[in-house]
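User: I'm new to this one and would like to learn how to read its features. Could you walk me through a few?

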Amino acid sequence: MKEHRKMKWKRRLRSGARGAGVWCAWCAIISVAWAQPAEARRDSVPIALLDEIIITASQVRDDAPLTLQTIGRKEISQYLGTKTYPEIMRHTGGVYATSESGSYGDAKINIRGFNQENFTVMLNGVPLSGFRSGSMFWNNWLGLTDATWRIQLQKGVGGSMLAANSMGGTINIVTQPATQTGGGEWTTAMTGYGQYNVRLSLSTGEMKNGWALRFTGSRTWGRGYVDATDVDAWGYFITLRKIVNARHSLLFTLLGSPERHGKRASKLSDEEVRTYGPAYNKDWGAYNGKTNNLSENFYHKPYFSATHFFTISDHLFLSNTLYVSVGDGGGKWSESTGQRIVAYQRGGQIDWESVVADNVNNPDGVMLPDGNVQYGAARNIQSDYLAGHTWVGLRSALDVTLSPRLKLSSGLHYQYFYSWQNERITDLLGGAFWFEDYGSNSLAGVAGRNPLKSVGDYIRLHNGDRDNHLSAYAQLNYADGRLQAFAGVMLMASLYQHWDKYNYTENYYSDVAPGTGGNLKAGISIRISPQQQLYLNSGYYSRMPYSNVYFASNTNVVTDGVTNERNYIAEAGYKYTGDVVQLTLNGYYNYWQNKALMSDSYKPVDDHEVRYMITGLDARHVGLELDVERRLTDWLSLSAFASIGDWQWKNDVVATIYDPYTSLPVDTLQVFTDGLFVGDAPQTQAGVVATVRLFGRFDLRAEGRYNDRLYANFDPARRTNPADRSQSYRTPASFVADVHLRFPFKVSALDATLFITCNNLFDARYIERGDDGATHDLNSFRGFWNIGRNVQAGVRIGF
């Protein structure tokens, strides 16, 4: 049986390889058949035009019938500073971006109340969102800040047919091009709390042989604002392009960021924050004379892509992209058989001496498989939770100009994803061994394995996924100057497979779980004057759940009765684009049906720890948004945004309970969520940005943001009492202001800029995110407060 399954999978891989080979061969045949003669003039396509082709291929026009916000390189480089990458989008209505826990690079963003699993992040038109759960782990993409040229935030249905989960929207990132002229830039910066950054960017410009190269490298090191969150991170970005001739050009991109940083994993109470301050971190303490943090992250996820742009004729344009991402790393972890390590507190920090003493003096013995009793087992240990993946994709897009007004865009996208995860002991903390209770924890039982584990041994899990995904799409676009319209359809199919070498000693691979889905999108806009535009768009999504739902038990058992989520989206808006004022006003309606949720952590039920899966949840998201920009004078410009939403869960459902040891379903439970507000993002927002030119040289930018009606996030699995219909804790309204100052000057003949940023100018204290408690008030709330006032300064020199 084992060999039979292996042979089946090998046949699938060979079949997939043949399919990819046929696809590549087809593209190559088209290229050869349509290629110009060798003597064709290369300089008929300047590199600036190639830049425009790349943008057009991955972003939509500003006057499209969509709600858009475009952020350029200048704003990213000058005003992001030490903030996390998503926070550059925080000045847009309906968008809530924070540093999550305050640790370096750890970030979270919500769009129209939807979390990161429910919108799409794309890089040069290729989806980046996590394959298993849709999550975007921003700390694995720290090099994006250096690599980004432009960000286009497309709220709602979005412009890409590959954005299969864009209920909230699409974040499309375009990397920096290799510029037509050469040059470079050196930047160095530091914060008031001891974090340093250096960055070097070099560009060759277009060389005589048609190649152009850009390289950016950076390093960030030092202290984090939050206690015990030191960072050491490198970033690199390389883009190489070649104009072969008037029809063919190539683009290669490589980026990555090997990093290690301390984290703040434990959420805090109001009392802890008032006692110890906003930088407090309860996850560390002194151990053997050094800082020992329970939680750290170390990861490297290089990403490489190669794209061939082919202008077949005046009416046909083809682009083919191959991309590969290989992730490897993990984080510090811990295991406990009783009181967890974070509960050993003295003076607000972990008392490691007590942890070690508890292990050394453990009087309890463990029963071995042969019936003997062994003493010396550790009650608590530290470990590394390790994870990695290999992600390969092929995307082919063909644009056909059917007439001066009508264009057809179509394409195929194939993805292969293989992942693994396990856990390795790093410190027994005074214990003689760790007892891995295979008899209770593994479906396979002991199976001849030694349960006595030492440093370097693997425990708890050893599993992963092997998935294949294929999508095909077609979209018609019409434009005649006054009227714009689009309509598209996308179909997708996936094969999910789980493997597990901890719960199984043979037949490691599950059966293949197939899924199909698709979406429909359409939009129309009418220009009622040269400056004014009305637009309407809508979409329907039949979205397959992510693979963690198909294998809800985290074993090789395929979940019964998995059905697609259904999402209905509609939006109407008005745009005014003048020389002095730009304005967008829009309203949206989203209805989300049959949402499936897995509880992230175990919940106590009758003194047993269990895991819940909830299916059939419905939610409704409606709201209004306003974005305005106005240039008042040559030296003063203003922008402002406001949004108000009404986001609610709309039904009561049933949860399936899984035993954490056997991973099998053991019971069901009624969950009462009808009428509860969706948490984790403010439903009322407003903000303003003022940019002032002082004395013809200084640039001063002041930002202010107001958030209200932020309800604490809650696990629907906790809402099991039919008498408890109380809303989750509503955090107090907040206002925060930041100030940026830029002063240009000369270093010899070189242009230079001194920049200073003060974040949280008035040192406001407020809740950014957190979880609701049993009493739905501040006393039972646990979460993360904002970072206090801090300053960053640096110098940028161009050459």
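This is a predicted model: local features need pLDDT of at least 70, side-chain atom pairs count only at pLDDT 80 or more; totals for chains, interfaces and linings use all residues.

User: Which rings make an edge-to-face pair, and how do I read that?

Analyst: The angle between the ring planes decides it, and over 60 degrees counts as edge-to-face. There are 23 aromatic pairs in the structure. Take Trp 391 and Phe 417: their planes sit at 85 degrees, with ring centres 5.8 Å apart, so this pair is edge-to-face. The pair ties together distant parts of the chain, since Trp 391 belongs to strand S23 (residues 380-401) and Phe 417 to strand S24 (residues 406-427), 26 residues apart. Both Trp 391 and Phe 417 are buried.

User: And what kind of pair do Tyr 540 and Tyr 568 make?

Analyst: Their planes are at 45 degrees and their ring centres 5.1 Å apart, so the pair is tilted. This pair also links distant parts of the chain: Tyr 540 is in strand S30 (residues 532-543), Tyr 568 is in strand S31 (residues 565-577), and 28 residues separate them.

User: Which residues form an aromatic cluster?

Analyst: One cluster is made by Phe 695, Phe 698, Phe 743 and Phe 745.

User: Where does a charged side chain lie over the face of a ring?

Analyst: Look at Lys 575, which lies over the face of Tyr 535, 5.1 Å from the ring centre. Arg 150 does this over Trp 149, at 5.5 Å from the ring centre.

User: Is Gln 349 buried or exposed?

Analyst: Its relative accessibility is 16%, so Gln 349 counts as buried. You'll find Gln 349 in strand S20 (residues 349-350). Leaving aside residues up to four places away in sequence, Gln 349 touches several others, including Tyr 280, Trp 284 and Tyr 344. Gln 349 and Ala 286 are 63 residues apart in sequence, but their C-alpha atoms are 8.4 Å apart in space.

User: What about nonpolar residues: which ones form a patch on the surface?

Analyst: Among them are Trp 186, Phe 215, Leu 750 and Phe 799, and the whole patch has about 750 Å² of accessible area. Leu 750 lies in strand S41 (residues 750-759) and, at 34% relative accessibility, counts as partly exposed.

Technical notes
Residues are numbered from 1 along each chain as its sequence is written. Side-chain values use heavy atoms; hydrogens and water are left out. Patches are made of residues with over 30% relative accessible area and no salt bridge: like charges are joined within 9 Å, nonpolar side chains (Val, Leu, Ile, Met, Phe, Trp, Tyr) within 5 Å. Accessible areas come from the Shrake-Rupley method with a 1.4 Å probe; for residues, only the protein chains shown count as cover. A salt bridge is a side-chain nitrogen of Lys or Arg within 4 Å of a carboxyl oxygen of Asp or Glu. Helices (H or I, at least four residues) and strands (E, at least two) are DSSP runs, numbered from the N terminus. Buried means under 20% relative accessible area, exposed over 50%, partly exposed in between (1.4 Å probe, protein chains only). Rings of Phe, Tyr and Trp (its six-membered ring) pair if their centres lie within 6.5 Å; planes under 30 degrees apart count as stacked, over 60 as edge-to-face and the rest as tilted. A charge sits over a ring if NZ of Lys or CZ of Arg is within 6 Å of the ring centre and within 35 degrees of the ring normal. Contact means heavy atoms within 4.5 Å.
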